[in-house]
Amino acid sequence: MRAVWQLSLLLWRQMAVLVVLAGAIWLVGVALLVASLREGAHLAGMGLNAMAFGSWFWHLGQGQMLRGLCRPESLLLPRFRARLAGAGALDLVLWIALPATMAALAGMPHVLLAASGLMLATALGLASGTGKRVSLVIWIGFIAIGWKPRLAARVGEIALQSPWTPVLLTLAAVLVFRLALQPLLRIEDVEPGTSPLESTGMGRVQSRAMEGRPARGAIGKRIQGWFDGMAQRAMERALMAYRRHPGARQRMTLIRSLLLPHDNPEAIALRLVLVAAIVGIYFFAILHRPHYNAAVIGAYAVLLSLTRFPQLGRGMLRMRPNLADLYLTLAPETRADYQRTLVHALLLLVPVTVLSALAYTALGIVLAHATEPGRMLVTAAIVGAAASLVALAVHLIGPEGSFGRGLVNIVVVLGAMGSYWGGYVLLGLLGVALGGALLALVAISFGLGVWFAAQREYQRRAPCFDPPPA
């Protein structure tokens, strides 16, 4: 029983914020279900809806935790599968059996249908966390509902009355559980790790236990192979250029090819094409509506372009032991020279971020037929430049813990969103030229001030090559 308890506590030790949020949702759901025993079955439906949302959220983290836990060496532990099954049974009792029983006692109609739907939400959350593509069916369902809402409502009415719907949902949940868990419990060779600073976008949401593990699936491996091939060719070109003309510029290009392997022109272009394809499909499927506000596209573009910087903070921590080889290779005269070299190499992310924000905004302008494209582009460019400077600064010298990094990232994102909307309104009041000049004066000045302060602090610090704390 002790091993089952320790397995149940793993998620708390790795993702405390997620556990607190999901636990609060579970308590709200239980409170509503308890109240429904006295007040009526209408509260039971609200409680089960809260449980379904919390269960998907909770098991998303459980899937990420299991993907990091189920390694070949762990599967060889005595009775590991049995203890894992015990922890899973306890989890299902808390999130499915207990709520369904309380809803049945409250006299809720269609309780079997609700319980099977709760089980399917749990299975999809677990599959999402483990990286299985079967979890995409939930997004296909949302897209279908947005595309044909009346047809979806009619299908829902028929499914609500059919006695076979709970059986089909339960079988679907069992199938999703099998697809998600079977690969994790198979002993196989570990695939080669990816660069901590890769920028394919496929590893942005990985938990700490999953960091460094490549994306599973044939499509993910194929795309990863494209990016890796481009990184290899860029490294070879930089090395040949340095051998021909060993100057400072060629040296910095070689260092950037080493630290930022997927930020060469070919990889940037491929990443933009992939994002454009996904955004285009999503836009035409669900967001192409007459009341859609085109101005929000720039905010989404800035937000999407800033997702690179939290990964930078995690990646630099993971790369500490490997950076010792770079330190010995460069042989700097002082520690400040080495830190300055890293800072100048990572500064490449600022123009890359601005380019990405402009490209995403331009794509949205074309798709939404925006009436003020100049206003959106100027605002996105200025705010993207300032926000990328701030994000690079705070993630370079910010806290090392996952909670602190997450809190810092939330502050940066909220500040960027507020700056975008404030700048957009300012350009509307004063005009693109005058409003853009005033916005650039304030935003860029603030970004440069934060960046120069962080740069001085980073150069003052001694290089650290210790592995990050567990």
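How many aromatic pairs does the structure hold? The structure holds eight of them, where rings of Phe, Tyr and Trp (its six-membered ring) are paired if their centres lie within 6.5 Å, and planes under 30 degrees apart count as stacked, over 60 as edge-to-face and the rest as tilted.

Before the details, please keep in mind that this is a predicted model, in which local features need pLDDT of at least 70 and side-chain atom pairs count only at pLDDT 80 or more, while totals for chains, interfaces and linings use all residues. Residues are numbered from 1 along each chain as its sequence is written, and side-chain values use heavy atoms, with hydrogens and water left out.

One of the pairs is F53 with F57, which is stacked, at 6.3 Å centre to centre and 5° between the planes. Because F53 and F57 are four residues apart in helix α3 (residues 42-69), about one helical turn separates them; helices here are DSSP runs of H or I, at least four residues, numbered from the N terminus.

Turning to another pair, Y338 and F465 have ring centres 6.2 Å apart and planes at 65°, so this pair is edge-to-face. It links distant parts of the chain, since Y338 lies in helix α16 (residues 335-346) and F465 in the segment after α20 (432-460), 127 residues apart. Y338 is buried, with a relative accessible area of 1%, whereas F465 is partly exposed, at 27%; buried means under 20%, exposed over 50%, and partly exposed in between, with a 1.4 Å probe and protein chains only. Together with Y327, Y338 and F465 form one aromatic cluster.

How values were computed:
Helix = DSSP H or I, 4+ residues; strand = E, 2+ residues; numbered from the N terminus.
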